[in-house]
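Subject: Structure handover

Hello,

Here is the structure I promised you. Please keep it open while you read the notes below.

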Amino acid sequence: MTNSECKSCPVHHEAHLRALGIDMSRYDFVVALAGNPNTGKSTLFNALTGLRQHTGNWPGKTVARAEGAFAFGESRYKVVDLPGTYSLLSTSTDEEVARDFILFGKPDVTVIVVDATRLQRSLNLVLQILEITDRAVLALNLMDEAGRHGIEVDVRGLSKALGVPVVPMVARSREGLPTLLQMIDEVATGAYRCKPRRLKMERRVVEEMVCSLEEKLAEVFPGVPNLRWVALRLLEGDQSMMEAVSEGHLGAYEALPESEPEEVLALAQELRWQLGTDFHDELMESIFSEAAKIAGKVVRMEGKKEAFSLDRAIDRVVTSRLWGFPIMLGLLALVFWLTIVGANYPSAMLSGLLVERGHPFLRDLFLSVGAPAWLTGLLIDGAYLSAAWVVSVMLPPMAIFFPLFTLLEDFGYLPRVSFNMDRLFKRVGAHGKQALTMSMGFGCNAAGVVATRVIDSPRERLIAIITNNFALCNGRWPLQILLATVFIGAVAPAHWAGVISAAAVVGVAVLGILFSLAVSWALSRTVLKGEASAFSLELPPYRPPRFWETLYTSFIERTLIVLWRAVVFALPAGMVIWLLANVHVGGLPLAEHFIRAADPVAMIFGLNGVILLAYLVAIPANELVIPTILMLTVMHLGMEGVAPGQGVLFELEDAQGIAEIFTAGGWTLLTAVNVMLFSLLHNPCSTTIYTIYKETGSAKWTALATFLPIGLGLLVCLLVALVAG
Amino acid sequence: MLSGLLLVPLLVFMPEKGLWTRWRRRRQNMLRVWMEDALKALYNCEYKGISCDVGGLAGRLGISQDRVLQVLQKLRDQSLVKTEGEQVLLTRLGRSYALRIIRIHRIWESYLANETGMAETDWHRLADLREHELSMEEVNALAGRLGNPVFDPHGDPIPSATGELPRPKGMPLRDLPEGKEGIIIHLEDEPPEVYAQLVAMGLYPGMVVRMLEKDDKRLRFEAHGEELLLAPLLSSNVTVRALEEEDRVFDAGLSLLEVPLGEEVEVAGISRACRGQQRRRLMDLGIVRGNHIKPLFRAPGGEPTAYDVLGASIALREEQAKHIFVKRIQNDK
Ligand SMILES: Nc1nc2c(ncn2[C@@H]2O[C@H](COP(=O)(O)OP(=O)(O)O)[C@@H](O)[C@H]2O)c(=O)[nH]1
Ligand SMILES: [Mg+2]
């Protein structure tokens, strides 16, 4: 099969694409996907590899690089999805990953994914990449949107101006994919030879300086194709480039044996002093003016209507003084309502299946095969039961909350929420996007912490991570609702009971938001005072979300990962709980010893020993607090006949029974209020702590995020106890 | 009682941790700090071509003349300086030592300016402390991370790792002829009070100024479309260079903050006061001289504002918009 035959049969070609997923065992060529954020790189990556990298309408989601593979025709390709960047000339980690890969990873083809509706803006990066490599293909993506907005691009003109193949396409619907594959193949095999356009500095003196350095480089490293890029990087003081030059090898090229690489560096240093402080500015200006020239020639606007007028119209409404906040709160309330109402039924079902049926079944199974009682207790009453609990309480709300959230994200609404809220967050030294990571925290704090990746300023990101725990996650909602119903609703007049207990729960959540703001404020003025901060917030175009795709990826990416971690932590916790309740020392269970010792201290804070112990053992998962408290209370009091078994986790259906247990355990309204407060203000669960550590890479910040809320919680409980006492 | 009495001398004379050793070490440290400061001061005199004597050094270092003599003796012992009559001169060794300290100081200032949120007026003071603590290796590694800056945030050249520094350029602001334009290439950061005043006036390296009028008592000049007054004495802390034909200047009259919603304008430049990551971010997003920008709508609280930059909506806060200078687009028709 020859190439020329196939140009006319694109459908035929698509059949030759075989997605290989992550099977990269053998490949002939490496393809890198580069481009601005939010231009469809991951969508294209998924289309090629058959994988499901998260794609979302929000700049900055692809953080590390993803790899996959596909086969086309005779050849196998490895594909690398690079983080989206606007430039390769700055110093952020994303850009470094992308730059180093294009430069040193030596991809056989770099596919530059470009937003056809914003060509001029994308050309900045394109021109930079073409400085580095001469094996590139431009994927002119989002042609459907360009068409809708009346933007026309002269594809051949663009290809001629840039000196590389340009393929118009719609990655979402795989339109243009065959041609793209064809061009990738041709460039990789050398059938198509690119002649990329090279940059020129606008000011003559500066251009001469760059040339002189380039010439000097050519004396030392003859034959290197992208010496101009090397020269530009040296004039920007790029450390890795300086090291490469001084060590005498640029990628695969060695310095001439007799030459003096140090002379190059000395010249660069001298030139940099002459150039003054503005070189980077001038370079960017030269690139953008080039981009303007090219775009001016090849982009045509059709009709009189301004592009994106619909986007702008929606924006004016959702960010208006009148409607901005009501729409925001309405949507948030809707998401919560759907979560709470929708989760009820599946939660009950799962609990029925896993706890009420599964538990006795497994227990009997163990006993019937003659397993010793302690083993059954440890594995089934301990590990299994707590994991079952966590799954049935956590899974349904998360499986509803996160997809809903992701739909809003994909539509493009979430950045507008950040936009609306930014002023408030700015006052406390934080970033508007914290509004989102906080909302995400209502679903799960660990997910909220991961979501802070969209905050690209180091200081604001730390603030968002440390304060995320103040968002009442859904593992803590059940406790709030239960205690509010049993204790607070009970003191209100009967027909107001429902409303008042609901108000109490919302009150605690709002208190959490206030704490989050106050702590952000305090952090940004104390420990995080000198940390760097750089604000930027892009409002992406609105895009109709792809419903099923979104549901699928958000379920896999957010829900299952979080759930899996929670279960992993809940298993050992369940065993510990069982051991505490069932291992006897001096005639009493271990837990009893702790409870008696802790009681006097706990009383000062308006709590009791049982509660403290429950919080200690429930560090892995907040969902376990209530069952543990019930179990320990019953055990502590030696109550008979209320629980399914001595020293086994349980929860009761009817509030009346629970109220009786609590009252017998000596609980008062004060205890309930303090437990509710403490549930809001205590250490994050172990999953979240672990996530914080992974995201910050710092034991210091992790410790702060862990202990600060406990300190605050104890303080608040003490104050309430003092006031009430 | 007896053991208590024994404890006191132990506490004082205990090796390593005893008070005496600590005090000795502190003294030695202080001495080293003074020596290094003296070398720096001597280098500065040499760089500017002015002579330096014991009295001048005492003033600059804020210590007594006796102490200065003691410090100089130490420096002579190590062949770092030599004296010719009243004048104190650096030896080659001394010069390279001084350049090392200056490099550390200026790299640290660049770090503070670009990578932290420290206030501008604190940079110099903090760098003065750190310059005696950091090793050259640490500083070179830091410089690498910062993109090996060759100028510090005040516009001073930073000595290279091999100890080179370019010849000084420019002239004090008061030498700029009336009616002529010049570019500020340096703001002296010592003494700090004067520097703080210059910063408060909004001066920064790279700014274009035009001398309007000058006499013995004051200089009257224009910068950013504003008229400023300065005492001639203070003006020696501002170094300028005459503006050349091909120089890039932007007339920073209008800030983006003042542009009404819906008016498209052309970016003239970003103020030097916006640095580091923040500055690069803005440019990467397309806020670069020559590109167009248009305020679209504001958040309910009045801030931030969304701008159209090359077809994308970018939200900026007030303190960012303030630093972006723009030109109105002339409507030909
Ligand atoms: N209309 C349209 N939307 C697209 C196309 N390609 C990608 N998208 C959407 O653009 C958004 C960003 O895509 P993504 O692949 O995550 O971009 P990345 O940030 O470059 O990896 C997602 O909402 C995609 O569904 C396309 O060709 N047409
Ligand atoms: Mg992506």
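Chain B exposes about 16600 Å². Carbon and sulfur atoms supply 52% of that area. Accessible areas come from the Shrake-Rupley method with a 1.4 Å probe, and for residues only the protein chains shown count as cover.

Before you go further: this is a predicted model, where local features need pLDDT of at least 70, side-chain atom pairs count only at pLDDT 80 or more, and totals for chains, interfaces and linings use all residues. Residues are numbered from 1 along each chain as its sequence is written, chains are lettered from A and ligands numbered from 1 in the order in which they are written, and side-chain values use heavy atoms, without hydrogens and water.

More on chain B. It has 11 helices and 14 strands. These are DSSP runs, numbered from the N terminus: helices are H or I with at least four residues, strands are E with at least two. Of its 333 residues, 49% count as buried. Buried means under 20% relative accessible area, exposed over 50%, and partly exposed in between (1.4 Å probe, protein chains only). Take the contacts (heavy atoms within 4.5 Å) between residues at least 6 apart in sequence: 61% join residues at least 24 apart.

Now ligand 1. Its shell has 20 residues, each with a heavy atom within 4 Å of the ligand. Among the closest are A:Lys41 and A:Asp144. Helix α3 (41-49) of chain A supplies at least two shell residues, and so does α6 (143-148). The largest share, 3 residues, comes from α3(A).

Which atoms pair up? A nitrogen atom of ligand 1 is 2.8 Å from an N or O atom in the side chain of A:Asp144. One of the ligand's oxygen atoms lies 3.1 Å from a backbone N or O atom of A:Thr39. An oxygen atom of ligand 1 is also 2.9 Å from a polar backbone atom of A:Ala171. Taken alone, ligand 1 exposes 580 Å², and the protein buries 97% of that.

Last, A:Ser679. This residue lies in helix α28 (residues 669-680) of chain A. Is A:Ser679 buried or exposed? It counts as buried, because its relative accessibility is 2%. Leaving out residues up to four places away in sequence, A:Ser679 touches A:Arg476, A:Leu479, A:Gln480 and A:Tyr615.

Best wishes

Note on methods. Polar contact = N/O pair within 3.5 Å; in protein donor to acceptor, adjacent residues only side chain to side chain.
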